[in-house]
Amino acid sequence: MQQIVGVIRQLLGPMAGGRVMPQSLNLSRAARLAGVSRGELQKKIRKGDLSTFEGEVLVSDLLRVYPNVELENNEMIERVALIRELAQPKTDYSDGALPIPPVVRSRLEKLNAILGQTKSALNDAEDLIVETIRRLEAMAADDSIPDRTQLGELARWMKESANAGTQRMDQRARLFAKDAFLRVVAASVKVIPSGHEFFVEGTESILDASLRAGLHLNYGCTGGNCGSCKARVVSGEAWKLRQSDYRISEVEQGMGYLLTCCNTAVTDIVLEASEASSAADLPEQEILAKLDQIETLSGDYVRLRLETPRASRLRFLAGQWARLGFKGGESRKLPIASCPCDGRHLEFLVKKDPDDPFYCGLRRQTGSGDKVAVTGPFGDFVLDDDSSAPLLLIAVDGGIAPIKSLAEHAISIDTVEELYLYWISTMEPGNYLDRLFRSWNDSLDNFHYQCVPGHPGISDIVDRICDDCSRLERVDVRLAGPSGEIDAANRALCRHGVAKERIKIDSVP
Ligand code: FES
C-alpha cells in the first residue's frame, strides 16, 4: 500500500529534478502555458482569482481560470515574441527557434524517462483501483458480511469518481502535453536570491537569455574571458556551448559554478547569481563604439545608432544616459533610447540645432564606421523592476528617448500589468517612433499609446490622461522632457492624487 501511496504522491509531485508532471508551476511557466503575459497573471493573483504558494500557481487553479489550454493557443506568446523582435534588433542572440541537437536530445531523454515513470505509475494505480472495486463488489454480494450495502455504495462511488477523474484529466492532459512541448523548446531559469525567472530558448546562452528577459546579471566580456558572469547552478542541468579561456577550478565546478555566457540550460535551473538591482550597482564604462546610422526623423531630431564591439557591450539600466564624444567634436550626455537587453546596439535622439557644436560635429561624421567614445551609464531615472503596478509613461518631445527605453524594458520584463504611453509631441505624427508605438499598441493587450500633438496647456493634457487611466493611486509614473513642461505635468499629476514617491522625472532639453 505504501508503495502505491508513493506512486500517487509521485504522480502529483513536482517535475523539477526529473520527476513526473507538476502540481504547481512557477509564474513564468504558468503564463506561458495559459498563453498570457506575467502581468496578466499577476493581475489575477492580486484580484484573488488565482492563489500562489511560495511563488507558484497550482495547476488546478490555473485550469480553473484558463480551462482551454491548447498547444495551438499561443497567440499571446507569439505576439509578445513579435513585439520583442521588433523592439530589439537581433544581434548575436539566439539565431534559431530550436536548441542545439545535444540539448534537444538530452531534454527528450529526460521527458521520455518521466513519461515511462508516469505510465508505469498510472498502470499500478489503475490496477489497484480496479482490484479494490472488484473486491468491494464481491464483499457487497457476500451474504455473510453484515452491513454490506455500504460496501456496495463505496464500490459505486469509486467507479463514478474514477470516470469523472478521467474526464477531468483530459483538461490536465492538454496542459501537461503543452508543458512537455515547451520544456523541449525552452528551459526556465530561476535566479536566487532575487526570484527572477526567465526562459532559455534556441541556442541562447543563459546570459543572453537573461539579458533578453530584461534582467541585469553580472557580466563583462560575454566571451568566456573575464569570469564576471560566474554563477552557481543550485539545481538542474546545464550544457557547455563553447570553450572559455577563464578557468573555473575543479572544486568550484563540483559546487556547480559555471560561466553563464558559455552555457545553456538543459533542464529547469535554479541559479545563484549576482544581479545589479540599482543604478549604483553598475560600473562606469568607457567603450569605443562605431557609428552605425544617422537617420533624420521628421521634426527637429535625428536618430543616432551605434554599435559596440562584441566583447564590450554597454551595461546600463533603461532610462539612463551616456556621454558620446566624436573625434574632433564636443562631447554630450544624452539619454539612451534603446533597451538594455541589447547593449551592443545603442540608440540616441539628437536635436537638430545648427548652433549646437555637438550637432555640428555629428554632421561632420563621414558615415558608418566612424568611432564614437561612449562613457556611462549615468542617472537613476529607472523602473522598479519588482513592481507590477500599472506604469504611466509621459514624454514631451525629445523626452521620448528615455521613455522609449523604459517602455522596451517594461515589455521585456513582462511584469507590468498595464502600460500607458503618452507622447506629447511637436513632431509630425507618422514618424518612425510613432509607427513603432502604434504597432505595440495594436499587438499588446496591456500597452496603450497615444500621441498628443503639441504641448500648450500641458496641465489640461495631464487632466485628460488622468481621466483615461484608472487606479491612479497605485500607478508608477515616469515623466521626461523639457523641465518647464514636466514640472507642470508633475504638479498636475499630484493634484490628481498620484503619490509623489511614485513619480520620477527626467529633464531632457
Ligand atoms: S562575461 Fe566574461 S566570462 Fe562571461
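Because Phe437 and Trp440 stand three residues apart in helix H12, about one helical turn separates them, and both residues are buried.

Residues are numbered from 1 along each chain as its sequence is written. The model being predicted, local features need pLDDT of at least 70 and side-chain atom pairs count only at pLDDT 80 or more, while totals for chains, interfaces and linings use all residues, and side-chain values use heavy atoms, with hydrogens and water left out.

How many aromatic pairs does the structure hold? There are five aromatic pairs, and one of them joins Trp423 to Phe437 in an edge-to-face arrangement, with 6.2 Å from centre to centre and 85 degrees between the planes. This pair links distant parts of the chain, since Trp423 belongs to strand E18 (residues 419–425) and Phe437 to helix H12 (residues 432–443), 14 residues apart; helices (H or I, at least four residues) and strands (E, at least two) are DSSP runs numbered from the N terminus. Trp423, too, has a relative accessible area of 0% and is therefore buried. One aromatic cluster takes in Trp423, Phe437, Trp440, Phe447 and Tyr449.

Aromatic rings also meet charged side chains. The charged end of Lys333 is placed over the ring of Phe378, 4.4 Å from the ring centre, and Lys230 lies over the face of Tyr257 at 5.7 Å from the centre of that ring; the criterion is NZ of Lys or CZ of Arg within 6 Å of the ring centre and within 35 degrees of the ring normal.

Turning to the cysteines, the count comes to one disulfide, a disulfide being a pair of cysteine sulfur atoms within 2.5 Å. Cys339 and Cys341 form this link, with their sulfur atoms 2.3 Å apart, and the link is right-handed, with 135 degrees about the S-S bond. Cys339 has a relative accessible area of 3% and so is buried, and Cys341, at 2%, counts as buried as well. Cys221 is likewise buried at 11% relative accessibility, whereas Cys360, at 25%, is partly exposed.

For the protein overall, there are 14 helices and 21 strands, and 51% of the 509 residues count as buried. Of the contacts (heavy atoms within 4.5 Å) with a separation of 6 or more, 73% involve residues 24 or more positions apart. The accessible surface, computed by the Shrake-Rupley method with a 1.4 Å probe, comes to about 23700 Å², and 50% of that surface belongs to carbon and sulfur atoms.

Confidence is expressed as pLDDT, the predictor's score for each residue from 0 to 100; the protein averages 82, and 88% of the residues score at least 70. Over residues 1–20 pLDDT stays under 50, and the model has 34 contacts beyond four places in sequence for this segment. Residues 87–96 also stay under 50, with 26 such contacts.

Key. Buried < 20%, exposed > 50% of the residue type's maximum accessible area, 1.4 Å probe, protein only. Phe/Tyr/Trp six-rings, centres within 6.5 Å; stacked < 30°, edge-to-face > 60°.
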